[in-house]
Amino acid sequence: MRTYKHPKTEEIDLTRVLYALSDPIRIEIVTTLAKQRTATCAELDAGRPKSSMSHHFRALREAGLIRTTPDGTSHINELRRADIDARFPGLLKSILKAATEN
């Protein structure tokens, strides 16, 4: 079973978070996870190629925005809202608000 590396809360870097959120597909993933508590990769891919979605999930995971947990043949993703809020208070709320206003 594959395990994923996730940065500790104190290791989450603002530059990486902002870079990860600079892509519309990744913003879409984050806003979906903010509405739903968890979702599989397949539920979030919107018919896009698996290879490009793997890239997006990795960018979000390495930035500390999502946690991915294997569950059989699926991977469950969740937004690390509490960790991001602890590290950068108000940032995620502002980004989600701006993303839903467009």
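I call a residue buried under 20% relative accessible area, exposed over 50% and partly exposed in between, with a 1.4 Å probe and protein chains only. The model is predicted, and I took local features at pLDDT of at least 70, side-chain atom pairs at pLDDT 80 or more, and totals for chains, interfaces and linings from all residues. I number residues from 1 along each chain as its sequence is written, and side-chain values use heavy atoms, with hydrogens and water left out.

**Entry: Ala-46.** I looked up Ala-46 and found it exposed, with a relative accessible area of 56%. Ala-46 sits in the loop between helix 3 and helix 4; helices (H or I, at least four residues) and strands (E, at least two) are DSSP runs numbered from the N terminus. Its phi is positive, about 50 degrees, although Ala-46 is not a glycine. Most residues other than glycine have a negative phi.

**Entry: helix 4.** I checked the span of helix 4: 14 residues reach 20 Å from first C-alpha to last, close to the 20 Å expected at 1.5 Å a residue. The expected span is 1.5 Å times one less than the number of residues. I list Met-53, His-56, Phe-57, Ala-59, Leu-60, Arg-61 and Ala-63 as buried in helix 4. Their cover includes helix 1, helix 2, helix 3, strand 2 (66-71) and strand 3, with contact meaning heavy atoms within 4.5 Å. Just after helix 4, Gly-64 has a positive phi of about 90 degrees.

**Entry: largest pocket.** I noted a volume of about 390 Å³ for the largest pocket. A pocket is an open set of points on a 1 Å grid over the protein atoms alone, where a 1.4 Å probe fits, with protein on both sides within 12 Å along at least five of seven lines; lining residues have an atom within 4 Å of a point. I count 18 lining residues, with Cys-41, Lys-50, Ser-54, Phe-57 and His-75 nearest the centre. Helix 3 (41-44), helix 4 (50-63) and strand 3 (74-79) each supply at least two lining residues, and helix 4 gives the most, six.

**Entry: helix 6.** In helix 6 (residues 91-101) I find Leu-91, Leu-92, Ile-95 and Leu-96 buried. They lie on the same side of helix 6 because they cover an arc of only 120 degrees around the axis, taken from the directions from the helix axis to the C-beta atoms. The buried residues pack against helix 1 (14-20), helix 2 (24-35), strand 3 and helix 5 (81-87). On the face turned away from the buried side I noted the exposed residues Lys-93, Lys-97, Thr-100 and Glu-101.

Terms used:
Grid points are joined across faces, edges and corners, and a volume is the space filled by probe spheres set on the points.
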